[in-house]
Amino acid sequence: MYTSVTGIALRTTRHSDRNSILTLWTAELGRISVSVPADKGRRASRIRALTMPLATICAEVDLRPGRDIYNIRELRPASIAPCISADPAKSMTAIFLADFLETSLRDHQPDPVMTAFITDSITLLDRLPDKIALNFHIFFLLRMTRFIGIEPDWTESGGIFDLREGVFRLTPPLHDDFLDEASTAALRTLSRMNPRNLGRFRLTRSQRASILNRILLYYTLHHRPVLSLPSLAILQGW
């Protein structure tokens, strides 16, 4: 039975000479995999263009019980974000975030509120000025902790953030996975990022890389391993 779903493209993996597997996050079903053509034909080229990382698409999916990979009958754009594909930094950010979501949302149940946040974030990334967009992934990852269920309690007192326990402490823990007072203060400041004030945060490339590594360590300790995502090394070069 074919059903209309709206999905966010996360990853395309070559499956055979003729087909690839496209992973989608959908509002209706959560994370699903569909089969798409991988040859050099016109239809395959069109589908590749429509399913770039974080592209939002509508698809007619054959949801037969017992299948891990579904067939599709129709695929069309649900919305268009032209500036992401045209800008190298935004495009790389989209690839990284799609990579992150494909790993982080495995086995995650459908969540309309989280899906709306991701969809709104894609629109925001597309519209942001280039220089401001360089910090977008930090805002996104910090906000996603809320939907994953691992957001720190920002109201806690304490100047040391324990990455393993996810709590703020008055003194350092007996392990090395914590942020010192300066880094903890910076984390509290970053937690106040929102779409209206992103332009006020001025970070260097080395600062972004350091912050990103610590956020991903936090996800790895509390949710899923994300420190070795394929796109991470490229993103850290921006």
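**Close-up 1. Helices H3 and H6 pack at an angle of about 20°.** Their axes lie 11 Å apart; axes here are lines fitted to C-alpha atoms, for helices over the stretch in contact, and angles run from 0 to 180 degrees between N-to-C directions. Helices (H or I, at least four residues) and strands (E, at least two) are DSSP runs, numbered from the N terminus. H3 passes H6 in a right-handed crossing; a crossing is right-handed if the near helix is turned clockwise from the far one by less than a right angle, and left-handed if anticlockwise. On the H3 side you'll find Thr-93, Phe-96, Leu-97, Phe-100, Leu-101 and Ser-104, and they meet Phe-136, His-137, Phe-140, Leu-141, Met-144 and Ile-148 of H6. Contact simply means heavy atoms within 4.5 Å. Sorted by class, this contact has 9 nonpolar, 3 polar and no charged residues. (Ala, Val, Leu, Ile, Met, Phe, Trp, Tyr, Cys and Pro count as nonpolar, Asp, Glu, Lys and Arg as charged, and the others, Gly among them, as polar.)

A quick note on what you're looking at: this is a predicted model, where local features need pLDDT of at least 70 and side-chain atom pairs count only at pLDDT 80 or more, while totals for chains, interfaces and linings use all residues. Residues are numbered from 1 along each chain as its sequence is written, and side-chain values use heavy atoms, with hydrogens and water left out.

**Close-up 2. H6 also packs against H8, at an angle of about 15°.** Here the axes are 10 Å apart, and the angle makes H6 roughly parallel to H8. This time the crossing is left-handed. H6 brings His-137, Ile-138, Leu-141, Leu-142, Met-144, Thr-145 and Ile-148 to the contact, and H8 brings Arg-208, Ile-211, Leu-212, Ile-215, Leu-216, Tyr-218 and Tyr-219. By class, that gives 11 nonpolar, 2 polar and 1 charged residues.

**Close-up 3. His-137 sits in helix H6.** It counts as buried because its relative accessibility is 4%. (Buried means under 20% relative accessible area, exposed over 50%, partly exposed in between, with a 1.4 Å probe and protein chains only.) Leaving out residues up to four places away in sequence, His-137 touches Thr-93, Phe-96, Leu-97, Arg-208, Leu-212 and Leu-235.

**Close-up 4. The largest nonpolar core has 51 residues.** Such a core is a set of buried Ala, Val, Leu, Ile, Met, Phe, Trp, Tyr and Cys residues joined through side-chain atoms within 4.5 Å. Ile-118, Leu-141 and Met-144 touch the most other members. Elements giving two or more residues include strand S1 (2–14), helix H4 (112–127) and helix H7 (181–190), but H6 gives the most, with 9 residues. Not counting residues up to four places away in sequence, Met-144 touches Leu-101, Leu-105, Met-114, Phe-117, Ile-118 and Tyr-219. There's a second, separate core too, with 15 residues, including Val-5, Leu-24, Ile-57 and Val-61.

**Close-up 5. Leu-124 is part of helix H4.** At 17% relative accessibility, Leu-124 counts as buried. Its C-alpha atom is 9.0 Å from that of Phe-136, 12 residues apart along the chain. Setting aside neighbours within four places in sequence, Leu-124 is in contact with Phe-136, Phe-139, Pro-195 and Leu-198.

Terms used: Parallel < 35°, antiparallel > 145°, perpendicular 65-115°, else oblique.
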